[in-house]
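This briefing goes through one protein chain by topic. The structure is shown first, and the notes follow.

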Amino acid sequence: MKFKTRLLVTSLTIVLLPLALTAAAFIGIGSYLLKTENENGIANVDYRMATDPIEAFVEISDEIFREVRQQTAAGASRLEDREYLSALNKKIENRSSYIIVRKNDYVYYTGNASAAGSIFEHLPAYGYANEEGDTGYYYNKMKSLVKQLDFRFPDGARGSFFVVTRFNSIISEKLLTAMFIAIVLILVFTSLMLTRWIQKGVFLPVNELNTAMKNIADGNLEYVLDTDNKGEIGELYKNYEEMRLRLKESTDEKFQHEKQNRELISNISHDLKTPITAIKGYVEGIMDGVADTPEKMDKYIKTVYNKANDMDRLINELTIYSGIDSNRIPYHFQRINIADYFGDCVEEVGLDLESKNIELNYSNLVSPDTVIIADPEQLKRVINNIIGNSIKYLDKETGIIDIRLLDEVDSIRVEIEDNGKGIAAKDLPNIFERFFRSDASRNSSQGGSGIGLSIVKKIVEDHGGYIWATSKEGEGTCLHFVFRKYREMA
């Protein structure tokens, strides 16, 4: 629930709930007092006797007196009939009233014996009548209104017909006391209910959020907050969860990045140590005169040169790796004739592969005038990294590397395939990830920083192309990458 709605509900509850409960308490307590405040055995259930007793009494007594006059018009014998009198009493007994018939100085009939016994001696005397033959209203100190009709019994005895109505003032000490207590209880109940509601809806979620933030501050990013609340609290929980997940993702990435950096430093250190050790050994051999013939001297110098090139390659990979993280790989795009470019590359690479007893096969199936937009230096890095990776994992006596250019209408596809040990199917999707090696037990002869193919993928994608690999264990691996052709605008 939104705070605005919650405040509105709180305001309405503060006003309406006490009013409603007070009204209910007033009706309930008033009803209880009217029903239970029994004096002389009369239970008052006519609420008008509490609010407007005179009007209610006039209505009750006039109704009874009209009927009595009609029945006694021909004589008073009907007033001797106790069954008739009982029937009359039943009509008014649920209206806080009853009848008394007096004969001479004793009670001939009453609808309420206990009440009549208390009030009988206080009833008006005979002859207390008005012009219509009945009394006006007589108020008794027992909170009763009395109306009197005098008559003569058939035997000549004096008689009086009374209608007695008991009334209670609703504004009584008991009611005031009870309502005061009820209002206090209602206010306490309303306060407790609203406090509990606000505590459950606001303070508890805020405390939970505070606990969650402390966990975040302590580095615990696994503390989850879950809620079905749709209001501001729900939004806070949702924002917390998004923040937590982002922090967790950022922390995990940072941890992974640091791990990769440590691994890279370890790999580069390991891979630099090998050529440096070799260079030192050959230079010491030259200094000590071990290379005492021109042939040996030439061999030593070439070896030092090759090891220096290996070191230069590793440093270049490290430079490119830092450029990948910051998206700052320098590109100088230009139009390149793909046939001419790969012809030169194959010629250059072929000399190196020939010295390593590796056979290079090249086939070009694209049109001689096919042009792409690329950075020639970075494209050469792609080719060298792929071929260098193939050389590391050649396990046959005679290594074979095939380079093929294929025409695919709007694009060209380059395939570089070797006959090495191949890659397991489970490892194939991961070979372009940084520092991934299908051969976890890499030895120093293979070397490599583990970022070569990730650099290749980055460069190809920055050229608008895409790359993938196919492989069979024991047979070899083929890298495929695609570039779009450049076409002159008509």
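Valine 409 sits in the loop that joins β9 (399-408) to β10 (411-418). The model is a predicted one. Its chain contains 11 helices and 12 strands, and 41% of its 490 residues are buried.

**Overall figures**
- The accessible surface of the chain is about 28,000 Å², and carbon and sulfur atoms account for 55% of that surface.
- Among contacts with a separation of 6 or more, 65% are between residues 24 or more positions apart.

- Most residues other than glycine have a negative phi.
- Valine 409 has a positive phi, near 65°, and is exposed because its relative accessibility is 60%, where the cut-off is over 50%.
- Asparagine 357 also has a positive phi, near 60°.
- The loop that holds asparagine 357 runs between α9 (338-355) and β7 (358-364), and the residue counts as exposed at 51% relative accessibility.

- Glutamate 417 and arginine 404 form a side-chain salt bridge with an N to O distance of 2.7 Å.
- Arginine 404 belongs to strand β9 and glutamate 417 to strand β10, so this pair ties together parts that are 13 residues apart in sequence.
- Glutamate 417 is partly exposed, at 29% relative accessibility.
- Both residues belong to a network of salt bridges that links Asp402, Arg404, Glu408, Arg413, Glu415 and Glu417.

**Other salt bridges**
- The structure has 23 salt bridges.
- One of them joins the side chains of glutamate 222 and lysine 248, at 3.6 Å from N to O.
- Glutamate 222 is in the loop between α6 (173-217) and α7 (232-287), while lysine 248 is in helix α7, so the bridge ties together parts 26 residues apart in sequence.
- Glutamate 222 is exposed, with a relative accessible area of 51%, whereas lysine 248 is partly exposed at 22%.
- Lysine 426 and aspartate 427 form another salt bridge, with their closest N and O atoms 3.3 Å apart.
- In that pair, lysine 426 is exposed at 65% relative accessibility, but aspartate 427 is buried, with a relative accessible area of 11%.

**Nonpolar surface patch**
- Leu8, Leu12, Ile14, Val15, Leu16 and Leu19 make up a nonpolar patch on the surface, and together they have about 590 Å² of accessible area.
- Isoleucine 14, one of these residues, lies in helix α1 (residues 3-36).
- The relative accessible area of isoleucine 14 is 48%, so the residue counts as partly exposed.

Conventions. Residues numbered from 1 in each chain as written. Predicted model: local features only at pLDDT ≥ 70, side-chain atom pairs only at ≥ 80, totals over all residues. Heavy atoms only, no water. Patch = residues over 30% accessible without salt bridge, like charges linked within 9 Å, V, L, I, M, F, W, Y side chains within 5 Å. Areas by Shrake-Rupley, 256 points an atom, 1.4 Å probe, with all protein chains shown as cover. Salt bridge = Lys/Arg side-chain N within 4 Å of Asp/Glu carboxyl O. Helix = DSSP H or I, 4+ residues; strand = E, 2+ residues; numbered from the N terminus. Buried < 20%, exposed > 50% of the residue type's maximum accessible area, 1.4 Å probe, protein only. Contact = heavy atoms within 4.5 Å.
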